[in-house]
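Trainee: Could you walk me through this fold before I write my notes? I would like to start with the sheet and then move to the helices.

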Amino acid sequence: MAISNPATDGGALKEMNTTPLIDVMLVLLVMIIITVPVATHSTDMDLPRPCVENCPDIPFDQVKNKLVLTAQDELLWNGKPISERQLATLLYQTARITPEPQLHFEPDPAASYNASLRTLNQVRASGVTNFGFVGNERYRTFDAGA
């Protein structure tokens with residue numbers, strides 16, 4: 001069985017010409033890239049605004065303040081219950097004091113993850129930098145339920 005060479009035999013090529021196929025695929029690719037909207041990697045969320053008028057005066061310490069999240073997802077500022085709006089106001093005031101007082105955050109183990117995340121996001125958005133977790137020493141050992 002002999003293989004013939006089309007260049008010397010004068011016959012037609014037996015391979016498919018892929019150039020038009022590649023051209024069509026490139027045109028389709030460009031069309032898809034242009035028509036697909038640019039994906040955004042951000043999530044818009046409404047954070048509570050600081051209270052400026054008719055806000056209850058909740059005193060804060062100039063050295064350290066303790067923020068507790070209870071098992072019922074209630075916020076306590078130095079032992080007094082506050083709302084998320086009041087927390088935004090207190091955080092705003094705390095971040096503007098020089099030197100900035102310490103903010104200790106102690107979430108209850110039974111507090112919901114969502115409430116903890118909302119609180120941490122609010123602290124981060126307020127610009128507070130002197131922040132830390134307290135009460136973690138209780139969880140130093142892990143009981144596997146033996």
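**Sheet and helices**

Mentor: Strand E1 (residues 64-69) and strand E2 (residues 75-77) pair in the antiparallel sense over 3 bridges, where two strands pair if DSSP finds at least two bridges between them, and helices (H or I, at least four residues) and strands (E, at least two) are DSSP runs numbered from the N terminus. This is a predicted model, in which local features need pLDDT of at least 70 and side-chain atom pairs count only at pLDDT 80 or more, while totals for chains, interfaces and linings use all residues. Residues are numbered from 1 along each chain as its sequence is written, and side-chain values use heavy atoms, with hydrogens and water left out.

Trainee: Which residue stands opposite Trp-77 in E2?

Mentor: That is Leu-67.

Trainee: And in what order do the strands of the sheet come?

Mentor: The order is E3-E2-E1-E4-E5, an open sheet of 5 strands with mixed pairing. Strand E3 (80-82) and strand E5 (131-133) are the edge strands, each pairing on one side only. From one strand to the next the twist averages 30 degrees, with angles running from 0 to 180 degrees between N-to-C directions and axes being lines fitted to C-alpha atoms, for helices over the stretch in contact.

Trainee: Which strands does helix H3 touch?

Mentor: Helix H3 (residues 84-95) packs on the sheet and touches E1, E2, E3 and strand E4 (102-107), contact meaning heavy atoms within 4.5 Å; the direction of H3 makes about 35 degrees with that of E2. Helix H4 (residues 113-126) also packs on the sheet, touching E1, E2, E4 and E5, and its direction makes about 150 degrees with that of E1.

Trainee: How do the axes of H3 and H4 cross?

Mentor: They come within 9 Å and cross at roughly 35 degrees. On the H3 side, Glu-84, Leu-87, Ala-88, Leu-91 and Ala-95 meet Arg-118, Thr-119, Gln-122, Val-123 and Ser-126 in H4. The residues of this contact divide into 5 nonpolar, 3 polar and 2 charged, where Ala, Val, Leu, Ile, Met, Phe, Trp, Tyr, Cys and Pro count as nonpolar, Asp, Glu, Lys and Arg as charged, and the others, Gly among them, as polar.

Trainee: Switching topic, what pattern does the whole chain follow?

Mentor: Along the sequence the protein chain reads α-α-β-β-β-α-β-α-β, with 4 helices and 5 strands.

Trainee: How much of the chain is buried?

Mentor: Buried residues, meaning those under 20% relative accessible area (1.4 Å probe, protein chains only), make up 24% of the 146 residues.

Definitions and conventions: Buried < 20%, exposed > 50% of the residue type's maximum accessible area, 1.4 Å probe, protein only.
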